[in-house]
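Thank you all for coming; I would like to take you through one structure this morning, slowly.

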Amino acid sequence: MSNDTGEKESALWARVRAGDGEALGDVFDLHHHRVYRHALWVLGNTHDAEDVTATAFLELWRRRRDVRQVEGSVLPWLLVTTANVCSNAKRSKRRYSTLLAALPRSDAAKSAEEEAFIRADAFERVDPALAEQLRDLPRGTLSLFILTAIEDYSVADAAKAIGVSEGAAKTRLSRARAALRNANVSHTYAQQTEGGTS
Amino acid sequence: MDPVFAAGVRRALVERPSLNRFHLLSRSRRTWLAGGLTVALLGTAGGATAVLLTQPGGQMVTELSAPVTVSGSGNGILELGESPKGANAVQYEFTCLTPGSFMVGRPGPSFDCGKEDINARSATSGGNQVPLDMVRGGSLAVVAGEGHEWQVTAEYVATKIAPLAINANGETYGSDAFGAQPDLISAMATNGVEGYVRQSDLDVAMGPMPTSPTQAIEMQNARQHGPAFSPVYKSYGVTVVGEFETQR
């Protein structure tokens, strides 16, 4: 993120913390595609991914006083939260189950565009075996994996987002790589993990 | 992501801060709360007895006529016929079919709908009521701009307020949405748990009421701004289940 963009988002976040609902809506506009893509990446189901996306943003509001910004952005926090919600989607969504059930959904078939997005940006990139293994990783480690291997954050920034030291983050990622190798997941994704954490 | 769902989430987020400022449950939820309800019996004009679920201090509603649905564009009239014996209000559901500003009754409650409401299918408002004096000759007016489309479903109802409940400590508790003044007011805590906030705690959080406009301005200038928190209890007013946020 450029400094300019970071400053703009920082100002937006200050408005959210002051109770500005429109600013919260703008943060949603800014990041919901990335958050949804991540949820879809891990869960492989559009309906669940939508619920998790909504939950992550509702949590962003509820826990606004504790949100850590990285370079002025709340996106790393959102991605970490998304990973946590995916790890235990049922429990995490319970708080908002009434609201989620009440939100309208399109009953039209998925557009060709959306189908293409799902295939290109989610399923074709993810080995189902890897997604399965990822779900079993400890929460913080899954977040570190997502931020570094998928979202291209540096280990230092990812560590900042989840509140651990860079050294601890490196250790956890190293264990995750070993676990994924042991689980015999596809070579491509093991490589992807290696590449993202160097 | 489903654009309709995304629009709904966005709308829920935009409304979130205001919900947090006014955690008291919405009128309809207070009326039809699903937990800790009392069962009330309300005799109707025809001799039938309606069994209604409401909470103490909540409103009991008995439908006295068949619902009538009318759609229109611009100004229109909803023909309800003569009011049945015992009716004291008309209850209605209003839906904006296009963006625009609408008013039900003249003058009555107004509804403003934007394009995003229509897209998110959130342009329906149910459980609204107008008093009988807004019904003239069995008709209820709908005021709308030219080309602004709407739909109303309405019926005559009899409404009655359920009595407040009293806990083991002698304190009254229930809803304050319909004019009752319970010691413990039904509220939703910031953690989403439903419970009761003590009126005396709210008074302390908000400070004393001013006795003159001059004093009001002085108090406003001297007041600490920002959120104030009061405990949210279970109905017997001892166990704390969360906290209630008010803005000073």
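Let me begin where the two chains meet: in this predicted model, the contact draws 20 residues from chain A and 20 residues from chain B. On the side of chain A that touches chain B, the elements that give two or more residues are helix 2, which covers 21–43, and helix 3, which covers 46–62, both of chain A. Helix 2 of chain A supplies the largest share of that side, namely seven residues. If we sort the residues of that side of chain A by class, we find nine nonpolar, six polar and five charged.

Now to chain A in its own right. How many helices and strands does chain A have? Its secondary structure comes to twelve helices and zero strands, and of its 198 residues, 42% are buried. When we take the contacts in chain A between residues at least 6 apart in sequence, 68% of them join residues at least 24 apart.

Helix 2 of chain A and helix 3 of chain A have their axes 8 Å apart and meet at an angle of about 140°, which makes helix 2 of chain A oblique to helix 3 of chain A. The crossing of helix 2 of chain A past helix 3 of chain A is right-handed.

A:Glu7 lies in helix 1 of chain A, residues 3–17, and A:Glu7 is partly exposed, because 13 other C-beta atoms lie within 10 Å. Although A:Glu7 and A:Ser73 are 66 residues apart in sequence, their C-alpha atoms are 8.5 Å apart in space. Then there is A:Glu71, which sits in the loop between helix 3 and helix 4 of chain A, the latter being 75–87. Is the phi of A:Glu71 positive or negative? The value is positive, near 50°, in a residue other than glycine. In general, most residues other than glycine have a negative phi. A:Glu71 is also partly exposed, with 17 other C-beta atoms within 10 Å. Further along, helix 10 of chain A, residues 155–162, has as its buried residues A:Ala158, A:Ala159, A:Lys160, A:Ala161 and A:Ile162, and after helix 10 of chain A comes A:Gly163, whose phi is positive as well, near 80°.

Let us turn to chain B, which has five helices and 17 strands. Of the 248 residues in chain B, 33% are buried, and among its contacts between residues at least 6 apart in sequence, 65% join residues at least 24 apart.

One open sheet in chain B is formed by four strands in the order 5-10-7-8, with antiparallel pairing. Strand 5, which is 76–79, and strand 8, which is 110–113, stand at the edges in chain B; each has a single partner strand, so one side of each is left without a neighbour in the sheet. From one strand to the next, the twist averages 20°. Strand 5 of chain B is joined by four bridges to strand 10 of chain B, residues 139–144, and there B:Ile77 stands opposite B:Ala141.

Finally, please follow strand 11 of chain B, residues 149–161. Strand 3 of chain B, residues 59–63, runs antiparallel to strand 11 of chain B and is joined to it by five bridges, with B:Glu63 opposite B:Val157. Strand 4 of chain B, residues 68–73, pairs with strand 11 of chain B over six bridges, again antiparallel, and B:Ser73 faces B:Glu149 there. Strand 6 of chain B, residues 89–96, also pairs antiparallel with strand 11 of chain B, over eight bridges, and B:Thr95 stands opposite B:Gln151.

Notes:
Residues are numbered from 1 along each chain as its sequence is written. Chains are lettered from A and ligands numbered from 1 in the order in which they are written. This is a predicted model: local features need pLDDT of at least 70, side-chain atom pairs count only at pLDDT 80 or more; totals for chains, interfaces and linings use all residues. Two residues are in contact if their C-beta atoms, placed from the backbone, lie within 7 Å. Ala, Val, Leu, Ile, Met, Phe, Trp, Tyr, Cys and Pro count as nonpolar, Asp, Glu, Lys and Arg as charged, and the others, Gly among them, as polar. Two strands pair if DSSP finds at least two bridges between them. Axes are lines fitted to C-alpha atoms, for helices over the stretch in contact, and angles run from 0 to 180 degrees between N-to-C directions. A residue is buried if 20 or more other C-beta atoms lie within 10 Å of its own, exposed if 12 or fewer, and partly exposed in between; C-beta atoms are placed from the backbone. Angles under 35 degrees count as roughly parallel, over 145 as roughly antiparallel, 65 to 115 as roughly perpendicular and the rest as oblique. A crossing is left-handed if the near helix is turned anticlockwise from the far one by less than a right angle, and right-handed if clockwise.
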